[in-house]
Amino acid sequence: MLDFASASLPLVVAVFLLSAAAIATAGVWMVSTADRLADRTGLGEAITGAVLLGVSTSLSGTITSVTAALDGYAGLAFSNAVGGIAVQTFFLGVADLIYRRANLEHAAASPTNMLQGALLIALLAVPLAVMPLPEVTLLGIHPASFLLVGGYLFGLHLARGVETHSPWGARETSETRPDTAEEPRGGAALWSLLLRFALLAIVLTFAGFLIARSGVALAAKTGLDESLVGALMTATATSLPELVTTIAAVRRGALTLAVGGIIGGNTFDVLFLTLSDAAYRPGSLYHAVGERAEFILALTMLMSAVLLLGLIRRERYGFARIGFESLLILSLYILGAAALFFLF
């Protein structure tokens, strides 16, 4: 495994910047490919964003959390996973700033995205609930980790049902951008799109891995707490694919794909905790983290709840055509980051 701890600072910075450039390029291509796959497969933008786009852009974060857990850094593994959810929600607020026509959550109305948001909050509540309880493990894994996997799979089943047979529907306005298929289903192009998507996912994974490793090397020289490093440094670095793909999707007009990619990716990112708990051999991952990690978890749940409120409220324009939820999300993340630096 690559280790940049002993590398020179110019080399580490060069690796970081080149990897970021690779993520930016591959991310833009991945959005256009995912948008076409949503039409060709008939899954729709919300499901494609939640599963294909959300999962593939999360691979680098998975590697970072599992590697940290294997090395015994429970705080880093936990905070990288949960902090990644927070920063990706923050990125959605940034995308709303870029999309100037109307509030992004208004334009990308989708019952599936609302269900995914509720599922995310429910899954995040599981580790928060078990932290104060006595430590119990099965084969070195806390039962909560198995519950997270079961809840995620059940949530995907519900999301698919909502997408195809939902009794709920968002009222369309002049600013609503519905998910309409622009290409026919199936065909030979489907397999070439799947292959292209897989290759781009590999590029994003490797580039994200390099960013994570070089970012850890840079952070190690600062002497900062591992939970702080995980929440604000490695989480941000490994979340760059989500930033690039979200902005690219907004510029392309695939708004449901953009919102679904963030929310679906965030929901998948909760499973980082399951994998990290399995990789952390001294015991339960949830009982090995400190106050910073608990604060990051509570902050992430609050930001996710605000996003869900925005999806339900569907404010059309808001302040400067930005929804109240985006302003709150941006403010909460900035204040939370400041609190991590100065209050702990």
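1. Helices (H or I, at least four residues) and strands (E, at least two) are taken here as DSSP runs, numbered from the N terminus. On that basis the protein chain has 14 helices and zero strands, and its elements run α-α-α-α-α-α-α-α-α-α-α-α-α-α from the N terminus on.

2. The model is predicted: local features need pLDDT of at least 70, side-chain atom pairs count only at pLDDT 80 or more, and totals for chains, interfaces and linings use all residues. Residues are numbered from 1 along each chain as its sequence is written, and side-chain values use heavy atoms, with hydrogens and water left out.

3. Of the 344 residues in the protein chain, 56% are buried, where buried means under 20% relative accessible area, exposed over 50%, and partly exposed in between (1.4 Å probe, protein chains only). The accessible surface of the protein chain is about 14200 Å², and carbon and sulfur atoms hold 69% of that area; the areas come from the Shrake-Rupley method with a 1.4 Å probe, and for residues only the protein chains shown count as cover.

4. Among contacts in the protein chain with a separation of 6 or more, 87% are between residues 24 or more positions apart, a contact being heavy atoms within 4.5 Å. A separate C-alpha distance concerns Leu11, in helix H1 (residues 9–41): Leu11 and Ser214 are 203 residues apart along the chain, with their C-alpha atoms separated by 9.2 Å. Leu11 counts as partly exposed, at 44% relative accessibility.

5. There are five aromatic pairs, under the rule that rings of Phe, Tyr and Trp (its six-membered ring) pair if their centres lie within 6.5 Å, with planes under 30 degrees apart counted as stacked, over 60 as edge-to-face and the rest as tilted. One of them joins Phe90 and Tyr333, whose ring centres are 4.8 Å apart and whose planes stand at 35 degrees, so the pair is tilted. This pair links distant parts of the chain, with Phe90 in helix H4 and Tyr333 in helix H14, 243 residues apart. Phe90 is buried at 18% relative accessible area, as is Tyr333 at 11%. Phe90, Phe91 and Tyr333 form one aromatic cluster.

6. Tyr152 and Phe268 make an edge-to-face pair, 6.0 Å centre to centre with 65 degrees between the planes. Tyr152 lies in helix H7 and Phe268 in helix H11 (residues 255–269), so this pair ties together parts 116 residues apart in sequence. Both Tyr152 and Phe268 are buried.

7. Three cavities of 30 Å³ or more are found. On a 1 Å grid over the protein atoms alone, a cavity is a set of points where a 1.4 Å probe fits but cannot get out, and lining residues have an atom within 4 Å of a point. The largest cavity holds about 50 Å³ of space, and its lining includes Gly83, Ala231, Ile296 and Tyr333. Helices H4 (74–98), H9 (226–238), H13 (291–313) and H14 (324–342) each give two or more residues to this lining, with the largest share, four residues, coming from H14. The lining of the largest cavity has eight nonpolar, two polar and no charged residues.

8. One backbone angle deserves a check. Leu139 has a phi near 60 degrees, a positive value in a residue other than glycine, whereas most residues other than glycine have a negative phi. Leu139 is found in the loop between helix H6 (111–130) and helix H7 (143–165), and counts as exposed at 75% relative accessibility.

Technical notes: 1 Å grid on protein atoms, 1.4 Å probe; cavity = no way out; pocket = protein on both sides within 12 Å on 5 of 7 lines; lining within 4 Å. Points joined across faces, edges and corners; volume = space filled by probe spheres on them. Nonpolar A, V, L, I, M, F, W, Y, C, P; charged D, E, K, R; others polar.
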